[in-house]
Amino acid sequence: MRQIVLDTETTGLETSDDHRIIEIGCVELKSRRATGNTFWHYLQPDRLIDEGAIAVHGITNEMLAEKPRFADVAQEFIEYLRGAELIIHNAAFDVGFLDHEFSKLPDPPPPVSEWCVITDTLAMARQMHPGQRNSLDALCRRYTVDNSGRDLHGALLDAQLLAEVYLAMTGGQQTIELAADDAGGVERAVVRLFPPADGRPRVIRATEPEKAEHAARIRGMVDSGAPERAWPD
């Protein structure tokens, strides 16, 4: 299933006080990999931002003066989300604000929960780590996700961090990355694997067909003059 990791920043805490969304950040995952297809906007809320909110995310009224309004990006946003599973930390907050914004449109869609599957990573974390802190920062530390650049909250940054955390929480491989040297060959491979939630390491050994395939590739490398390396058993 196509998954969208989503976060918002707002003018305040309560939709009952007509607080509004001022930043949306989304990261798309397919087959548990980031596709690079993101959705991000600052938004003009047509109201003042609470000082307490500014202290959290650093977004000021002046920064938003020339930005689009939610209604200006709503249709594009709906099409981006439609049919996806939404991965959200403390989903009730963000979904409540999304429904509040959509309700102001001339032709509002149904509540988001009726046209998207919603997964709340805060609820997941509370089940997996009862009695522990389960904020996004706490989960980054627990799953060794680098959040050193998160001095303030930001919707796109937080969505990117949450995507890494979610993949780690659900036991998946987050990145496999090959870096090429100047000559075009592979200089190093960076592999980041996250431990399972119960903390016990898992050993996954190669199957016999995988060993045979690897051996064939090694023979090809030897024939081409590359140094041979043995398969670790």
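Modeller: Two strands pair if DSSP finds at least two bridges between them. Strands (E, at least two residues) and helices (H or I, at least four residues) are themselves DSSP runs, numbered from the N terminus. The model is predicted, so that local features need pLDDT of at least 70 and side-chain atom pairs count only at pLDDT 80 or more, while totals for chains, interfaces and linings use all residues. Residues are numbered from 1 along each chain as its sequence is written, and side-chain values use heavy atoms, with hydrogens and water left out.

Colleague: In what order do the five strands form the open sheet?
Modeller: The edge positions belong to β3 (33-42) and β5 (117-120), each of which pairs on one side only. The pairing in this open sheet is mixed, and the order of its five strands is β3-β2-β1-β4-β5.

Colleague: By how many degrees are neighbouring strands of this sheet turned against each other on average?
Modeller: Axes here are lines fitted to C-alpha atoms, for helices over the stretch in contact, and angles between N-to-C directions run from 0 to 180 degrees. For this average over neighbouring strands the direction is ignored, and the value is 25°.

Colleague: Which residue in β2 does leucine 6 stand opposite?
Modeller: Strand β1 (residues 3-10) and strand β2 (residues 21-30) run antiparallel and pair over eight bridges. In this pairing, the residue of β2 that stands opposite leucine 6 is cysteine 26.

Colleague: At about what angle to β1 does helix α3 run where it packs on the sheet?
Modeller: Helix α3 (residues 91-103) touches β1, β2, β4 (85-88) and β5, where contact means heavy atoms within 4.5 Å. The direction of α3 makes with that of β1 an angle of about 75°.

Colleague: Which residue of β4 is the bridge partner of valine 5?
Modeller: On this side of β1 the pairing is with β4, in the parallel sense and over three bridges. The partner of valine 5 in β4 is isoleucine 87.

Colleague: Which residues cover the two faces of β4 by being buried?
Modeller: Buried means under 20% relative accessible area, exposed means over 50%, and partly exposed lies in between, with a 1.4 Å probe and protein chains only. Both faces of β4 are covered, for the buried residues are Glu85 and Ile87 on one side, and on the other Leu86 and Ile88.

Colleague: How many of the 15 residues of α6 are buried?
Modeller: Helix α6 (residues 155-169) reaches 20 Å from its first C-alpha to its last, close to the 21 Å expected, and the expected span is 1.5 Å times one less than the number of residues. Helix α6 is largely enclosed by the rest of the structure, because the number of its residues that are buried is 13.

Colleague: To the side chain of which residue does arginine 150 make a polar contact of 2.7 Å?
Modeller: Arginine 150 sits in the loop between α5 (136-142) and α6, and it is buried because its relative accessible area is 13%. A polar contact is a pair of N or O atoms within 3.5 Å; within protein, one must be able to donate a hydrogen and the other to accept it, and residues adjacent in sequence count only if both atoms are side-chain atoms. The contact of 2.7 Å is with the side chain of aspartate 158.

Colleague: What is the relative accessibility of aspartate 46?
Modeller: Aspartate 46 lies in the loop between β3 and α1 (51-57), and it has a positive phi of about 60° although it is not a glycine. Aspartate 46 counts as partly exposed, because its relative accessibility is 48%.

Colleague: What separation lies between the C-alpha atoms of glycine 96 and glutamate 14?
Modeller: Glycine 96 is in helix α3, and it is partly exposed because its relative accessible area is 28%. Glycine 96 and glutamate 14 are 82 residues apart along the chain, yet their C-alpha atoms are separated by 9.1 Å.
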